[in-house]
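Trainee: I'd like to learn how to read a structure like this one. Can we go through some features together?

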Amino acid sequence: MKKASLIINLLCIGLFTLSSCGNNKKADENAAKTTTKTSNNQEKPNILLIVVDDLGYSDLSPFGGEIRTPNIQHLADNGLIVQHCYTSPLCAPSRAMFMSGMDNHISGIGSMSPFQAASQYMQPGYEGYLNDRVITLPQTLRKNGYHTYMSGKWHLGHEKGKRPFEQGFERSFTFLGGGVSHFSNIFPLGPEEMIHTVYMDDSVQVKKLPENFYSSTYYADKMIQYITEQNDKAPFFGYLAFTAPHDPLHVPNEWMNKYKGAYDKGYDYIRRIRMDNMKKLGLLSKDLPMNPGSGEYKKWEELSVQEKKIEARRMELYAAMLEIMDLEIGRVLKALQKAGKLENTLIILMGDNGANPKDPSFYKTNMKPFNNSLENMGKPNSFVSLQGAWAEVTATPYSYFKTTTGEGGIRVPFIISGKGLAIKGVNATNKILGTDIMPTLLEITGTERPDIYNNKKLAPMTGASFVEMLRNKKSTVRNEKSGFGIESLENKAYIKGDWKIRFLMPPFGDGRNWQLFNLKEDPREARDLAEQNPGKFHEMLSGWMEYTQAVGYIPYFGGRAYSVLGPANFFKAKLDSTNRALIGRAVLELQRGGE
């Protein structure tokens with residue numbers, strides 16, 4: 001069994017032809033010629049897409065969370081919760097899915113820059129930015145008569161021609177990178193993040209932020225500005241991409257003690273509250289046991305008094321960040337209402353992946369400039385993260401978190417509310433993907449995506465429209481024969497119907513063997529059925545192989561690189577030139593028949 005899974009892993013190599021970069025202005029002109037006009041008999045809806053950065057599945061109140069999110073709760077009460085929404089386990093690949101309607105291995109974010117291996121670097125689908133096989137959602141909608149606005153995190157390319165104002169957004173205030181201080185001091189997460197730790201106000205780089213800058217508030221301000229300054233009746237597409245609650249955990253002074261004492265009883269206490277709430281909401285079966293976690297972290301009772309205070313403080317700050325974000329969403333909704341646009345607006349709110357288990361050392365950050373004392377946590381000169389134990393709690397009842405393909409890493413909250421929604425409540429049947437956002441919104445707005453862009457043939461979208469799901473409770477987005485794959489930094493998953501195979505890198509897996517789960521019977525992924533059900537196991541592996549060949553997946557490394565780097569070291573390692581070369585040689589050796 002183990003040998004078979006390893007062989008299939010090594011066979012999964014597919015390549016696509018490299019597309020060269022094009023001029024965006026010419027591309028827009030070509031798109032205008034090829035875009036099909038929508039019907040004038042029906043008023044086109046406004047679209048507001050809200051993405052939350054590193055959000056745990058059970059954090060929000062509609063998903064069982066104890067954190068106060070009344071505005072998001074209102075959206076859920078008047079909309080539809082899709083219980084099975086999947087993304088990549090990392091930020092940039094997920095956002096590539098949302099903006100392109102395509103698998104990230106095709107659209108250019110096969111591996112999140114700068115983490116490409118030597119074997120992947122600048123290969124088709126691994127460029128590190130949205131490539132020329134893509135026309136973005138805002139580009140397509142803009143040529144269909146939409147105003148297009150963005151405020152928040154981009155993370156899909158800092159290079160000239162690849163920034164938001166060059167990728168279809170008419171107005172934008174954006175952060176180009178993965179994470180940054182939430183205050184005006186603009187410190188990068190680490191040295192590798194510096195190159196894209198940049199703010200852009202439309203096409204102008206922002207050298208200095210306002211002294212009172214706080215990310216969630218300022219992003220909401222800019223979206224409100226764009227919406228209210230619009231002086232015509234044309235519809236708009238707004239992309240509000242918060243950086244909260246991505247680390248560093250930062251909150252303004254007046255929010256420092258909003259959740260004081262709320263997490264003093266520890267991990268399992270919050271797990272139980274969330275499990276009980278989810279069962280009352282009908283999100284979980286009444287008899288589902290609590291997920292005990294991975295066992296990688298100390299239990300609450302094993303912590304010292306001081307460690308408990310620090311851990312509780314992490315979660316207090318995280319919760320405050322989410323309540324602030326909810327407040328800012330409420331302000332945007334009120335602005336829409338005041339402008340007379342809310343009734344004609346379709347709103348989607350979703351996460352990009354699970355909560356973040358990493359601590360600042362992951363980014364190779366020099367911690368000397370920061371004051372991370374208990375009393376100073378959350379302030380502008382601090383840099384603290386949620387870390388693994390709480391990240392597992394936020395995924396309740398699912399397994400693991402961001403970076404992994406456990407359900408807690410790739411299953412995200414999804415709420416759709418507003419214009420054109422025929423059904424409300426909870427959809428617990430359908431599985432949707434981040435790639436489905438664009439085809440769905442194009443169908444809703446009556447927009448046809450061109451086949452040619454900038455005189456180059458586009459790759460077809462891999463996502464599926466879920467418009468029928470919004471109109472009919474019995475509709476099926478993907479039937480039991482329709483599987484899909486997810487991969488990031490060699491963490492892998494393939495899901496078809498109720499079944500899932502999962503491959504985890506160390507320290508959370510052995511980096512060698514696949515596992516098989518029945519998600520309907522075992523949503524916690526507690527029982528590996530690979531040995532018990534070899535027929536299904538090999539069927540799923542075959543599906544994974546077909547997926548990798550279709551999207552052009554290039555393996556990160558193989559057996560010899562694994563043995564040299566070591567399992568725990570590889571998970572923590574940054575790919576400097578030595579490691580890139582090492583991994584590249586290992587892949588070549590595998591292709592030549594090495595072990």
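Predicted model: local features only at pLDDT ≥ 70, side-chain atom pairs only at ≥ 80, totals over all residues.

Trainee: Is Ser 58 buried or exposed?

Mentor: Buried means under 20% relative accessible area, exposed over 50%, and partly exposed in between (1.4 Å probe, protein chains only). Ser 58 counts as buried because its relative accessibility is 0%. You'll find Ser 58 in the loop between β1 (46–52) and α3 (70–77); helices (H or I, at least four residues) and strands (E, at least two) are DSSP runs, numbered from the N terminus.

Trainee: What is Ser 58 in contact with, leaving aside neighbours within four places in sequence?

Mentor: Contact means heavy atoms within 4.5 Å. The partners of Ser 58 include Phe 63, Arg 274, Met 278 and Val 393.

Trainee: How do I describe two packed helices?

Mentor: Use the angle between their axes and the distance between the axes. Here α3 and α9 (residues 305–338) pack at about 60°, with axes 7 Å apart. Axes are lines fitted to C-alpha atoms, for helices over the stretch in contact, and angles run from 0 to 180 degrees between N-to-C directions.

Trainee: And how covered is α12?

Mentor: Mostly: seven of the nine residues in α12 (437–445) are buried, among them Ile 437 and Leu 441. Just after α12, Gly 446 takes a positive phi of about 70°.

Note on methods:
Residues numbered from 1 in each chain as written. Heavy atoms only, no water.
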